[in-house]
Amino acid sequence: MSSASGVPARTGQADPMTIESESGPGLGQSRREVVASTLQRRGSLVVLALTVFGASLYFDSFFTRGNLTNIALQNSFLAVVALGMTFVILTGGIDLSVGSVYALGGVVAAWGAGHNTLVAIVAPLLVCGAIGLLNGLLIERAGLPPFIVTLTTLLAARGLLLSLTQEGAKTYIIPTGSSFATIGQGTVGTLGYPIFIALALYGVGTVLLQRTAFGQTVLAIGSNEDAARLMGLPVPRTKILVYVMSSLLAAWGGMMAAAQASSGVTIVGVGLELSAISAVVIGGTLLTGGVGTTGGTLAGVLLLGVIQNIINQIGGLDSSYQAVVNGAFLVVVVVVQTFLSRRQRL
Amino acid sequence: MTALTAARARVRLDTRWLQDNGVYVALVAILLIDLALNPSFVSPGSLRTQLIQVVPVLIVALGMALVIGTEGIDLSVGSVMALATALLPLYLGYGVVGGVAVALGIGIAVGALNGWLVAVIGVQPIVATLALLVGGRGLANVIGGSQKDIHNTTLNHFGGGELFNIPYIVVLAAVLAALVAFLVRRTTFGRQLVAVGGNRVASQLAGLPVRRVLITVYILSGLLAAVAGVVATARLQASAPDQLGRNIELAAITAVVVGGTPLTGGRVRILGTVAGAFLMQLIQSTLISENLKDSVTQMVQAAIIIVAVYVQRSRQS
């Protein structure tokens, strides 16, 4: 985890740090710029550390092994979804369908587990990969806005889910002893498999973003799509792939959640896209694309998770408070980010 | 060569015509289909029910059309409805006027916050209004709590009463639609709105009050959403902050886009939006009356939205 967020985020072509300021006393200004850009990138990590520190002082039960493992496990599903969302947002797009795809992935996996483990893994990835491909094709080939396209696949995937489950009346149960269930239920010591799977995916995602041509193309598209096309980068292929990736990761998150719950719950994932987008934005990725890190997203996910945990610890507060805090947080982060990136560009 | 150009021009003209009038064609088509499949569906009584049901979406869509006209989007409308319905019963003690004023006030406040984030801070509309979509619903639940019945005769009369056999709320929706149409077509503000949506930078350079226009547009959207919240509450005779207005942003955006307002801004079609809202309502109830399942209904609606957006898209090229 720390290695993921520890890698410098010097990947964006439009890295504002390289642009020297021309106004004000040189050194002071550039130091301020450095602070601004560091805050934008590492802000979520700093706030996460402060929140964890404060919560451990305040609640005795917070900084315990059991509670921390619990937070990690419960947020590993969202983390996987948010990883895919990070890539989509880095290209300047958005994927609102992930919540429905998450639920669909879980249900198809639970259905497949009734046959055998291979079907349980392959079938949801095929179905959801196809949805991602549809998103990508409609956005890239037909030139429709990502927002609208993924909004309709949000509807359509939910519809497909309902038609597979007799309008939501049927819940597929994963047979006891199915090896598919170990994906969600297996543990190493006290740590559940989903935590390791999520970390491994973040490792791969970070390398993919920062060390491969694909990752560089993603960032280039987000910085300036026309320029990326003119430079001859494989823009169409990359954009389509990013949406396929997002759907696959959302499905995988849902599959792990289904494996953990031993059933394909039909009502999960509603509003999950909002949590994923919040985590990405809080993690310092600009919604205009081109700038951001996978490590920041992970910190954003954990921050949301820690806040939820604190709200649960306080007790007597229901999930509505979580929504209020998340919304307020999002506003503050977006405003601060806009100011910070403005400062760097000046 | 000239024949080719002419043919191309005709195709373009046809696309253009389809973009502008497709929604009316579709509306007639769906009515004819209903007439063939299930004549009782097209009876005055049944159509009246459709009218009543479409009112909240329609009112929200009017504000959405203005926002989309400026190349923006307002995802917070459903949460504004929830906030309005949560606050309304709390302040009914000061009379209906007091309660409604507070409910509309929260709409204006949310709209002002949206507008400030978009126009002054420079946040993308999707993100700015997304934050309020998440937070607003939570706040409404915190304030309003669980569903509660409302026993206010004035409000309930407004929700269920009629004027010359037309429900009050339908009259209200028609008046609001006329007002918004007037605003867009006949006022300076309407011209400025379309100009800002068409080219924000040029509008700025031309000396238009871009910030003020944007903030006003989001305030209007919030206000109209709050009105929709009050109307829905009066009709239900109950306040249900957790459920009211869920996913209404999707329905409203669909109505606007189907009605011929491009998502790229610079053009607002109010009559089209009204027709779009009514079309989607009719499609939904037709699918339901033909005993199609929820799942199929959702998938069909998704397909219709994609087709509508695709047809609108060709305008730019």
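**Figure 1. Chain B as a whole.** Of the 317 residues of chain B, 50% count as buried, a residue being buried if 20 or more other C-beta atoms lie within 10 Å of its own, exposed if 12 or fewer, and partly exposed in between, with C-beta atoms placed from the backbone. This is a predicted model, in which local features need pLDDT of at least 70 and side-chain atom pairs count only at pLDDT 80 or more, while totals for chains, interfaces and linings use all residues. Residues are numbered from 1 along each chain as its sequence is written, and chains are lettered from A and ligands numbered from 1 in the order in which they are written. Chain B has 13 helices and 4 strands; helices (H or I, at least four residues) and strands (E, at least two) are DSSP runs, numbered from the N terminus. The radius of gyration of chain B is 20 Å, close to the 20 Å that the globule rule gives for 317 residues, so chain B is as compact as a globular protein of that length; the radius is taken over C-alpha atoms, and the rule is 2.2 Å times the number of residues to the power 0.38. The C-alpha trace of chain B spans about 75 × 55 × 35 Å along its principal axes. Among contacts in chain B between residues at least 6 apart in sequence, 77% join residues at least 24 apart, where two residues are in contact if their C-beta atoms, placed from the backbone, lie within 7 Å.

Figure 2. Chain A has 14 helices and 4 strands, and buried residues make up 52% of its 346 residues. The average pLDDT, which is the predictor's confidence in each residue from 0 to 100, is 83 for chain A, with 87% of the residues scoring at least 70. Within chain A, confidence is lowest in helix H1 (residues 2-6), at a mean of 39, and highest in helix H11 (residues 235-261), at 94. Over residues 1-27 of chain A the pLDDT is below 50, and this stretch has 42 contacts in the model beyond near neighbours in sequence. For chain B the average pLDDT is 84, and 95% of the residues score at least 70. The complex is given an ipTM of 0.78 and a pTM of 0.83 by the predictor.

**Figure 3. The side of chain B that touches chain A.** In the interface, 32 residues of chain B are in contact with 36 residues of chain A. Helix H5 (125-144) and helix H13 (294-313) of chain B each supply at least two residues of the side of chain B that touches chain A, and H5(B) gives the most, with 13 residues. By class, this side of chain B has 19 nonpolar, 9 polar and 4 charged residues; Ala, Val, Leu, Ile, Met, Phe, Trp, Tyr, Cys and Pro count as nonpolar, Asp, Glu, Lys and Arg as charged, and the others, Gly among them, as polar.

**Figure 4. Helices H3 and H11 of chain B, with B:Val258.** Helix H3 (residues 77-87) and helix H11 (residues 248-258) of chain B pack at an angle of about 125 degrees, with their axes 7 Å apart; axes are lines fitted to C-alpha atoms, for helices over the stretch in contact, and angles run from 0 to 180 degrees between N-to-C directions. That makes H3(B) oblique to H11(B), since angles under 35 degrees count as roughly parallel, over 145 as roughly antiparallel, 65 to 115 as roughly perpendicular and the rest as oblique. Here B:Val77, B:Gly78 and B:Met81 in H3(B) meet B:Ile248, B:Glu249 and B:Ala252 in H11(B). B:Val258, also found in helix H11 of chain B, counts as buried, with 28 C-beta neighbours inside 10 Å. Leaving aside neighbours within four places in sequence, B:Val258 is in contact with B:Val23, B:Gly276, B:Leu279, B:Met280 and B:Ala308.

**Figure 5. Helices H8 and H9 of chain A.** Helix H8 (residues 193-211) and helix H9 (residues 213-223) of chain A pack at an angle of about 70 degrees, with their axes 5 Å apart, and H8(A) and H9(A) are therefore roughly perpendicular to each other. A:Leu208, A:Leu209, A:Gln210 and A:Arg211 in H8(A) meet A:Phe214, A:Gly215 and A:Val218 in H9(A).

**Figure 6. Two loop residues with positive phi.** Phi of A:Ser262 is near 65 degrees, and A:Ser262 has its place in the loop between H11 and strand S4 (263-264) of chain A. B:Gln237 has a positive phi of about 55 degrees although it is not a glycine, and is found in the loop between helix H10 (210-236) and strand S4 (238-239) of chain B.
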